[in-house]
Amino acid sequence: MANQGRPGPVVSLTFDNGPWPGVTDAVLDELAQRGLPATFFVVGDRLVDEGMDLARRAVAEGHRLGNHTHTHTLLLGAAEDAAAAVVAEIEPAAARLAGLDGEEKLFRPYAAGGVLDYRVLNRAAVSYLVAHEYTCVLWNSLPRDWENPDGWVKPACADVAGQPWTVVVLHDVGTGAMKQLPRFLDALADMEAEVRPDFPESCLPIRRGHVEQDLSSLLPTI
Ligand SMILES: [Zn+2]
């Protein structure tokens with residue numbers, strides 16, 4: 001991981017939509033072998049039974065957990081009742097993460113295929129995130145591993161090579177894509193990338209409850 005004075009690319013690894021028994025375990029094994037940190041943006045209703053065990057294991061092994069909504073089905077900005085959407089999608093996942101998510105609470109919105117547009121947040125959600133001092137974590141690399149489970153490593157590496165600090169979104173779910181994770185991590189090692197547990201400011205529109213960027217493109221106009 002050391003760059004010996006020469007600045008290499010920096011990478012933040014994020015795994016969304018799990019935990020997924022049989023997949024998240026293997027991801028954790030791979031990260032542990034290499035001593036790499038990651039953040040798991042978990043879906044609240046998956047935090048039961050083995051899913052909860054995997055979340056606890058991730059924390060015990062030094063990774064971070066973030067709230068990635070409770071059901072991963074409702075675009076906050078498309079909800080008819082913005083406040084009800086917060087109660088349905090953010091609060092119950094937050095309750096299951098209580099005590100597991102560390103001193104900086106992280107939230108990543110559901111974005112239906114990764115499109116960052118006006119449907120991603122709503123004003124009630126922003127108020128909640130500010131009031132509860134959340135950090136909202138977006139991304140700048142989406143190699144679409146769910147569509148291309150065998151071929152996502154190449155676009156992911158191109159993103160890492162093409163910008164100073166890449167927040168890559170992968171999915172620890174049952175698509176088979178995580179079978180390629182060792183290849184990606186090998187490639188990062190070859191590139192002398194530094195894998196970090198934190199995130200660049202450009203991907204954090206809200207940081208510890210402070211709105212840091214213009215959110216208008218992520219909110220409905222009414
Ligand atoms: Zn997701």
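Tutor: Axes here are lines fitted to C-alpha atoms, for helices over the stretch in contact, and angles run from 0 to 180 degrees between N-to-C directions. The model is predicted. Now take helix 1 (residues 24–34) and helix 2 (residues 49–60). Their axes come within 10 Å and cross at roughly 10°. Angles under 35 degrees count as roughly parallel. Helix 1 and helix 2 are therefore roughly parallel to each other. Helix 1 contributes Thr 24, Asp 25, Leu 28 and Asp 29 to the contact. Helix 2 contributes Leu 54, Arg 57 and Ala 58. By class, that contact has 3 nonpolar, 1 polar and 3 charged residues.

Next, helix 6 (residues 153–162). Val 153, Ala 156, Cys 157 and Val 160 are buried there. Seen down the axis of helix 6, the buried residues fall within an arc of 95°, so they line one face. An α-helix has 3.6 residues a turn, so residues three or four places apart point the same way. On the other side of helix 6, Lys 154 and Gly 162 are exposed. The buried residues of helix 6 pack against strand 1 (10–16), strand 6 (165–171) and helix 7 (181–190).

Last, a single residue. Thr 135 sits in strand 5 (residues 135–136). Thr 135 is buried, at a relative accessible area of 0%. Its side chain makes a polar contact with the side chain of Glu 104, at 2.6 Å. A polar atom of the Thr 135 side chain also lies 2.9 Å from the backbone nitrogen of Arg 208.

Definitions and conventions. Residues numbered from 1 in each chain as written. Predicted model: local features only at pLDDT ≥ 70, side-chain atom pairs only at ≥ 80, totals over all residues. Heavy atoms only, no water. Buried < 20%, exposed > 50% of the residue type's maximum accessible area, 1.4 Å probe, protein only. Helix = DSSP H or I, 4+ residues; strand = E, 2+ residues; numbered from the N terminus. Arc of directions from axis to C-beta. Contact = heavy atoms within 4.5 Å. Parallel < 35°, antiparallel > 145°, perpendicular 65-115°, else oblique. Nonpolar A, V, L, I, M, F, W, Y, C, P; charged D, E, K, R; others polar. Polar contact = N/O pair within 3.5 Å; in protein donor to acceptor, adjacent residues only side chain to side chain.
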